[in-house]
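Subject: Two-chain model, with notes

Dear colleague,

I am passing on the structure that we discussed, and my notes follow below it. Please read them with the model open beside you.

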Amino acid sequence: MGRDTELAAGVPEGYPRGAERDVRIGNGEVVHIRPIRADDAAMLMAFHATLSPESVYFRFFNFHAELTAHEVQHFTEVDYKDRLALVVLVGSRMVAVGRYDRLGGTDEAEVAFLVHDDYQDLGIGTLLADELARAARTHGIRVFQAETLSHNAAMLEMFRRIGFPVETHYEDGVVAVRFSIDPVPAYREALARRESARLAGIGEESKGSC
Amino acid sequence: MLILAGPVGEREHDGGSHPERPARIRAALDGVSDLRLGSDLVTVAARPAQRDDLLRVHDGEYLDELESFSRRGGGALDADTYVTDTSWDAAVRAAGAGLVAIEALESSGEGAAFVVVRPPGHHAQRDRGMGFCLLNNVAVAAAALVAKGARVLIVDWDVHHGNGTQEIFWDEPDVLYVSTHQWPLYPGTGRPEEIGGLDAIGTTLNVPVPPGATGDVLLQAMDEVAAPAVEAFGPDWVLVSCGFDAHRADPLAELALTSGDFAALARRTAAFARSPGRLVLFLEGGYDLQALRQSTAATLGALVGDLPPPEPPTFGGPGSEAVRSAARDRRRAIEELSDRLLAVDSLDAPVTERPRWGLGGAR
């Protein structure tokens, strides 16, 4: 900071600028990840409108073609502590969103992810989980919970590989996933490998020569 | 010889289940005991900092508010930072402990000092506490030295960026603030482009490193980025914001250091001091008690006992590129700001007093 950071118009109070970063994903592209803002509403609706029915079904457990105005407001207006959403952008295009919501008064939060069909299987879900866990830890959250449909193999595989000790509980086609987000050694090692890949060449290209 | 200043906060300023807790002091003291220094260990009690000492780095209004808030029983200062009825007294004694450590080193003329205090300080800004910190202990000590005409290097290897220390000395040419920290992480400041104000260009030095970074990456930051700037600056005193939360067992961060890495960092940092007896380490973060104990022993053992650390140093994690990129971004920011300053100077015809600069600039 040095001096107080001047925030651009549309950037709300408490917006954690330090959570913004550029990383490389599995196809070699560089994406930008940052906390959501209220002025992202139009972008979120456009993102949602181009998802496949399957992606929407896996996220909302029903064919939820359009977000309601209330949902858009709920999803974009967060307090960055008990409720946080992160968006992933390729240029100005939104390709993924992840969020956590603290379960009232506890140190647990529910997490959810939605990655655009064009950008699945590139490590973006894991990126969102890593970044959400870091932010949540800062605010005293210790456990993440998620519900996943049992045939959402990609999401279940993501949880299995992330490095946290994941417990699963199956009921009626839904898998309840629960894990401590303490950075245990297995997680740190997996994270370090992911960070090496995410940072390859970052900071060298966009800044000109020297 | 090791001078131990404190302890402060072994019982006071207790926030219940908060990770910044009184047991941390006992863990650090146990780490000191593990060294079995015998008569090489001299303990000096903390005394409260005077208001004038605090006013060098904090606004009077903030001090008044914090004192009365604590006297009324306290509460939450923000989502992460608490104040209790004993916090004010603990914070003022924590801030005074560094001054006592400096006096003790001045009279001994040798060794190093370890200030074992909490609440920690490096997030505390001029007019607000945050990030578990109420008063900026290392800044109070540095400002007292500057008032006596000294040039002070602050090395901050706590895993979080010391935004408070940076802010307080942003325009102070006699303090060089050097921080390595995880990025991204709380509080979100500490980019390499943050280099200090116009009167103190280059006297803020930030090297952010990614999650998973190992000890070799931080040593690279010290050798390749910090060392040239320190050499150009020429410090009389070296103060360390000595957090141990970059340890791989720490629950609040994701770096991968061991106690052995802190020993290596301590040796590098001690080499920055021009004469013996001018090195003071201030306990900041570190929230795993076992890691805190081991890292304390390893760090101090490297300085005064030359003891082998309990864990070997680490290498091979990500971050080497980030260090090189930080060096580049810093150099570019210094050049840009210096150019702007030159342009301004040429318009104001007679330049009588030029700001001091030239740290790590054109190389």
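**Helix α6 of chain A**

The buried residues of α6(A) are Tyr187(A), Arg188(A), Leu191(A), Ala192(A), Arg194(A), Glu195(A) and Arg198(A), where buried means that 20 or more other C-beta atoms lie within 10 Å of the residue's own, exposed means 12 or fewer, and partly exposed is in between, with C-beta atoms placed from the backbone. The model is a predicted one, in which local features need pLDDT of at least 70 and side-chain atom pairs count only at pLDDT 80 or more, while totals for chains, interfaces and linings use all residues. Residues are numbered from 1 along each chain as its sequence is written, and chains are lettered from A and ligands numbered from 1 in the order in which they are written.

The buried residues of α6(A) pack against β1 and α4 (124-138) of chain A, a contact being a pair of residues whose C-beta atoms, placed from the backbone, lie within 7 Å. The helix itself covers residues 185-198, and because 14 residues at 1.5 Å a residue should span 20 Å, the 20 Å between its end C-alpha atoms agrees with expectation; the expected span is 1.5 Å times one less than the number of residues.

**The sheet and a helix pair in chain A**

Chain A has an open sheet of eight strands in the order β1-β2-β3-β4-β5-β6-β8-β7, with mixed pairing, and two strands are taken to pair if DSSP finds at least two bridges between them. Its edge strands are β1 (21-24) and β7 (166-171), each of which pairs on one side only, and the twist from one strand to the next averages 25 degrees. Within this chain, β6 (residues 143-149) and β8 (residues 174-180) pair in the antiparallel sense over seven bridges, and Gln145(A) stands opposite Arg178(A) in β8(A).

Helices α1 (residues 41-49) and α3 (residues 69-76) of chain A pack at an angle of about 115 degrees, with their axes 10 Å apart; the axes are lines fitted to C-alpha atoms, for helices over the stretch in contact, and angles run from 0 to 180 degrees between N-to-C directions. On the α1(A) side are Ala41(A), Leu44(A) and Met45(A), which meet Val72(A), Phe75(A) and Thr76(A) in α3(A). By class, this contact has five nonpolar, one polar and no charged residues, with Ala, Val, Leu, Ile, Met, Phe, Trp, Tyr, Cys and Pro counted as nonpolar, Asp, Glu, Lys and Arg as charged, and the others, Gly among them, as polar.

**Backbone points to check**

Most residues other than glycine have a negative phi, and most peptide bonds are trans. Asp121(A), in the loop between β5 (108-115) and α4 of chain A, has a positive phi near 65 degrees, and it counts as partly exposed because it has 13 C-beta neighbours inside 10 Å. Asp172(A), in the loop between β7 and β8 of chain A, also has a positive phi, near 55 degrees, but with 5 C-beta neighbours inside 10 Å it counts as exposed.

Helix α5(B) is mostly covered, with nine of its eleven residues buried, among them Asn137(B), Val138(B) and Leu145(B). After α5(B) comes Gly149(B), whose phi is positive, near 95 degrees.

The contact between the chains takes 29 residues from chain B and 25 residues from chain A. On the side of chain B that touches chain A, the elements giving two or more residues are α6 (163-168) and α10 (320-347) of chain B, and α10(B) gives the most, with six residues. That side of chain B has 13 nonpolar, eight polar and eight charged residues by class.

With best wishes

Technical notes. Contact = placed C-beta atoms within 7 Å. Helix = DSSP H or I, 4+ residues; strand = E, 2+ residues; numbered from the N terminus.
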